[in-house]
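Please read the following with the sequence and the model side by side. The text starts from a single residue and moves on to sheets, charge pairs and the surface.

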Amino acid sequence: MSSQGWWREGVLYQIYPRSFADSDGDGVGDLRGIAERLDHLDRLGVDGIWLNPTMPSPNDDWGYDVADYCDVHPDLGTLEDLDALVAAAGERGIRVLLDLVPNHTSSEHAWFVDAVSGRDAEFRDYYVWADPGPDGGPPNNWESNFGGSAWQWHEPTGQYYLNNFLPTQPDLNWWNEDVREAFDDVLRFWFDRGVAGFRIDVCHAIVKDSELRDDPAVTPEDHPEVRRRTVKQVFSMNRPEVHDVLRRWRAVADGYDPRAILVGETYVLNLDTLMPYYGNGEDELNLAFNFLFVHADFDADEMRTIVAGVEEKLPRGAWPVYTGSNHDAGRLTTRWCGDDPRRARAALLMLLTLRGTPVLYYGDELGLPEVPTDWRTALDPVARRTGDPSRNRDPCRTPMPWSAEPGGGFTTAEATPWLPFGDLAAHNVADQAADPASTLLLTRDLIALRRREPALRTGAYAELDAPAGAWAWRRGDELATALNLSDAAVELGGITGTVEIGTDRGRDGEAVPGSLALGPGEGALVRLG
Ligand code: NOJ
């Protein structure tokens with residue numbers, strides 16, 4: 001694997017730092033905790049970890065409200081702890097990516113504290129300010145992603161400021177060259193410390209229409225996720241000028257050896273809008289998250305169509321990325337698979353054998369389901385603000401279950417974890433590590449096979465014929481994945497070889513004499529020949 005191409009051929013793993021491992025017994029995960037659990041990541045075989053926000057923050061949105069871009073949140077540790085984690089991970093060949101939040105700051109960031117002090121304040125123009133509209137209300141119809149108007153009235157200075165998320169997350173003004181330069185410095189600050197790249201929060205949204213035009217109404221044809229709101233974010237995000245910023249960042253990242261990488265949270269729900277975030281394939285994002293895939297049903301036709309679309313539309317030189325879980329969307333075991341462990345294993349087989357970089361979310365390797373929590377007392381501000389239980393993100397952010405002991409191996413037996421555990425006895429690392437039939441060992445074995453088999457890393461994707469409800473593809477000439485995502489047994493013809501890894505491990509090594517029978521929710525990776 002080349003040092004420049006590691007992110008194409010490797011596996012990325014997302015860690016929610018508050019929930020991974022607590023080294024000091026306060027019930028909150030931290031950086032030292034992650035360092036203490038590097039053996040797990042090493043054995044799993046991942047090549048890079050992306051840490052959800054690590055910077056100082058009042059935590060109104062759990063770190064996505066940054067008060068200082070060049071430090072570490074005291075709940076999580078110190079800058080020295082982060083340096084130590086980067087070094088210790090590096091010794092195991094694991095790169096560390098941080099989360100960069102350039103769309104908005106916390107209202108406690110020094111820039112905003114200055115900006116609200118007066119219209120002539122030094123940092124006033126770092127944010128998006130506007131006079132009231134003709135009716136004296138907000139300047140336009142833009143809606144916050146977290147509900148309500150995206151504009152917050154600031155009485156002392158008689159203007160509105162833009163907030164596409166919480167009112168305590170004021171949007172930055174990316175038309176301001178000083179903002180651009182300030183972020184170039186932030187990138188360099190972390191790259192100079194050995195950070196291998198960034199996942200960039202809502203990176204498609206940072207530049208807004210300079211005329212602040214009204215967004216158009218949603219239409220029945222729009223994606224269900226778009227129809228959650230009344231207006232379509234045409235002017236409030238996805239502006240063409242965002243590409244200037246991405247090219248600028250890519251030039252900074254490419255200036256490092258090995259080159260740092262940019263992974264974008266490109267929350268757009270059609271492939272034609274997604275692909276331009278790769279630029280010419282080499283000058284914008286290295287990886288652009290595919291939310292059409294994330295939000296698809298775990299259905300053979302739907303998934304197959306999206307993957308075929310990616311294969312067709314991806315710019316030359318660009319590389320796909322596939323994920324099934326994250327800290328916003330939820331866990332694949334619950335949202336795709338109805339908590340059916342068999343289907344969760346098929347989902348992992350899919351992610352780890354498609355052509356593209358898989359991004360696992362901590363706990364995916366166990367088939368971890370979400371943990372139901374009461375949205376009325378949620379720690380997630382979105383659930384409380386919108387009053388919509390389906391938007392509660394706490395259930396997918398609960399602590400990693402390392403063992404069935406009190407404290408779950410996550411924290412001490414006496415501590416109260418910041419979010420509750422699920423059923424520790426049903427899913428934990430220690431038990432699964434000792435069980436050859438476990439989801440953890442399936443994941444480890446699939447990742448190990450990816451490392452050994454160039455076909456799985458870089459081989460071409462070619463769809464194979466499959467009956468209704470099933471989906472099959474070849475990677476290179478050597479390997480084929482077959483998934484039965486239906487509720488009925490299926491028989492796939494035209495496949496000859498040996499089961500290399502089945503979601504039912506009892507089938508490993510089984511001969512495939514021209515056809516393969518799969519039960520509901522079952523999958524197999526077949527060595528052809
Ligand atoms: C996307 C992040 O993933 C989410 O957790 C956060 O609430 C919003 N951006 C705002 O930063």
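Leucine 479 is buried, because its relative accessibility is 0%; buried means under 20% relative accessible area, exposed over 50%, and partly exposed in between (1.4 Å probe, protein chains only). Leucine 479 belongs to strand E14 (residues 479-484), where helices (H or I, at least four residues) and strands (E, at least two) are DSSP runs numbered from the N terminus.

The model is predicted, so local features need pLDDT of at least 70 and side-chain atom pairs count only at pLDDT 80 or more, while totals for chains, interfaces and linings use all residues. Residues are numbered from 1 along each chain as its sequence is written, and side-chain values use heavy atoms, with hydrogens and water left out.

Next come the sheets. Eight strands form an open sheet with parallel pairing, in the order E9-E8-E7-E3-E2-E1-E11-E10; two strands pair if DSSP finds at least two bridges between them. At its edges are strand E9 (287-288) and E10, each of which pairs on one side only. Within this order, strand E7 (residues 197-200) and strand E8 (residues 261-264) run parallel and are joined by four bridges. Arginine 199 has valine 263 in E8 as its bridge partner.

Proline 513 in E16 is the bridge partner of threonine 496. E15 also pairs in the antiparallel sense with strand E17 (residues 523-528), over five bridges. There, glycine 497 stands opposite leucine 528 of E17. In a regular strand the side chains alternate between the two faces of the sheet.

Charge pairs are the next topic. Side chains of opposite charge can pair when their charged atoms come close. A salt bridge is a side-chain nitrogen of Lys or Arg within 4 Å of a carboxyl oxygen of Asp or Glu, and by this rule the count is 43 salt bridges.

Which residue forms a salt bridge with aspartate 61? The partner is arginine 393, with the closest N and O atoms 3.0 Å apart. Aspartate 61 is in the loop between strand E2 (48-51) and helix H4 (79-91), and arginine 393 is in the loop between helix H13 (381-386) and helix H14 (429-433), so the pair ties together parts that are 332 residues apart in sequence. Aspartate 61 counts as buried at 4% relative accessibility, and arginine 393 counts as buried at 9%.

Arginine 393 also meets aspartate 328 in a salt bridge (2.9 Å, N to O). Aspartate 328 lies in the loop between strand E10 (321-323) and helix H11 (332-335), so this pair ties together parts that are 65 residues apart in sequence. Aspartate 328 counts as partly exposed, at 31% relative accessibility. Through shared partners, salt bridges join Asp61, Asp328, Asp380, Arg393 and Arg397 into one network.

Another salt bridge links the side chains of aspartate 209 and arginine 213 (2.9 Å, N to O). Aspartate 209 is buried, with a relative accessible area of 5%, whereas arginine 213 is partly exposed, with 35%.On the surface, Glu122, Asp125, Asp178 and Glu181 gather in a patch of negative charge (residues with over 30% relative accessible area and no salt bridge; like charges joined within 9 Å, nonpolar side chains within 5 Å). Glutamate 181 lies in helix H6 (residues 177-192).

Key: Areas by Shrake-Rupley, 256 points an atom, 1.4 Å probe, with all protein chains shown as cover. Lys, Arg positive; Asp, Glu negative; His and termini not counted. Charge placed at Lys NZ, Arg CZ, Asp CG, Glu CD.
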